[in-house]
Amino acid sequence: MEIKIVKQILEWNEDVSDAVKATLSEKKVCLVNVMGSPGAGKTSLITDIINRLRDTLRIGVIEGDIAGAIDADKIDKMGIPVVQLQTDGACHIEAMSIQHMLSFFDLENIDVLFVENIGNLVCPAEFNIGEDFRVAILSVPEGDDKVEKYPLMFATTDALVMNKYDMLPYFEFDDKRVEQNVLDLNGKAKVFRVSTKTGEGAAEFASWLSERIAVKIKS
Ligand SMILES: Nc1nc2c(ncn2[C@@H]2O[C@H](COP(=O)(O)OP(=O)(O)OP(=O)(O)O)[C@@H](O)[C@H]2O)c(=O)[nH]1
Ligand SMILES: [Mg+2]
Ligand SMILES: [Zn+2]
């Protein structure tokens, strides 16, 4: 008799991630997975991007948090469609949650969905969620050794945003080391130096992002 084999969760996640990708491709929606430590500036970057791109792109947001709806509240106040995912303790988002949440959006009227992943430099990188590309944020106060210590996050990202660049004078943070570490792992990654507080570097990042999104939604 043929033995039934149940796949491990990571493999199963890959199948669901492919299904999310297929749905979003059909609707011409680009999915961006935004990752980084707690407090690195994920929400700040997403709200900055909304302000810069909302006149040219129809934007939606999925906010992932262990508890509460603080970040979703901020996005909602901007008049942007948003759904809060509460993982109830889980430290990453899986594709199945995204698949379920797509039904809460009017996908015909959205060009890009940002997913703010759970604040964590480790396992979010292990789970594809149907994204077209990934943005990893590392903020200056976290320290310049993080790429070496948490390589998967930075090896799999399409862009690294070094955020809180305005804090550079106050921390021992070698930004060239970080850039080199990322490029050693991942030669294709784009590196941006950004402060969502002063706006430094944010226009460059927004312009790269909008080009990537345009390629996806016109394909
Ligand atoms: N100085 C400075 N502070 C920043 C910058 N970006 C964000 N912050 C501050 O950093 C703190 C955390 O920012 P958030 O955007 O909430 O970070 P987050 O990654 O979304 O945090 P979680 O959702 O809790 O994981 C806030 O107090 C922000 O005002 C920046 O570029 N410079
Ligand atoms: Mg946040
Ligand atoms: Zn996890």
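Close-up 1. Strand β2 pairs in the parallel sense with strand β3 (residues 82-86) through five bridges; two strands pair if DSSP finds at least two bridges between them. Look for Gly64 standing opposite Leu85 of β3. β2 also runs parallel to strand β4 (residues 112-116), joined to β4 by five bridges, and here Ile59 has Val112 as its bridge partner. Six of the seven residues of β2 (residues 59-65) are buried, so this strand is largely enclosed by the rest of the structure. A residue is buried if 20 or more other C-beta atoms, placed from the backbone, lie within 10 Å of its own. Strands are DSSP runs of E with at least two residues, and helices are runs of H or I with at least four, numbered from the N terminus.

**Close-up 2. The shell around ligand 1.** Here 17 residues surround ligand 1, the closest being Gly41, Lys42, Thr43, Ser44 and Gly119; a residue counts if its C-beta atom, placed from the backbone, lies within 6 Å. Helix α2 (residues 42-53) gives the most to this shell, with three residues.

**Close-up 3. Helix α2 meets helix α8.** The axes of α2 and α8 (residues 202-218) come within 10 Å and cross at roughly 70 degrees, which makes α2 roughly perpendicular to α8 (65 to 115 degrees). Axes are lines fitted to C-alpha atoms over the stretch in contact, with angles from 0 to 180 degrees between N-to-C directions.

**Notes.** Residues are numbered from 1 along each chain as its sequence is written, while chains are lettered from A and ligands numbered from 1 in written order. In this predicted model, local features need pLDDT of at least 70, side-chain atom pairs count only at pLDDT 80 or more, and totals for chains, interfaces and linings use all residues.

Key:
Parallel < 35°, antiparallel > 145°, perpendicular 65-115°, else oblique. Buried ≥ 20, exposed ≤ 12 C-beta atoms within 10 Å, placed from the backbone.
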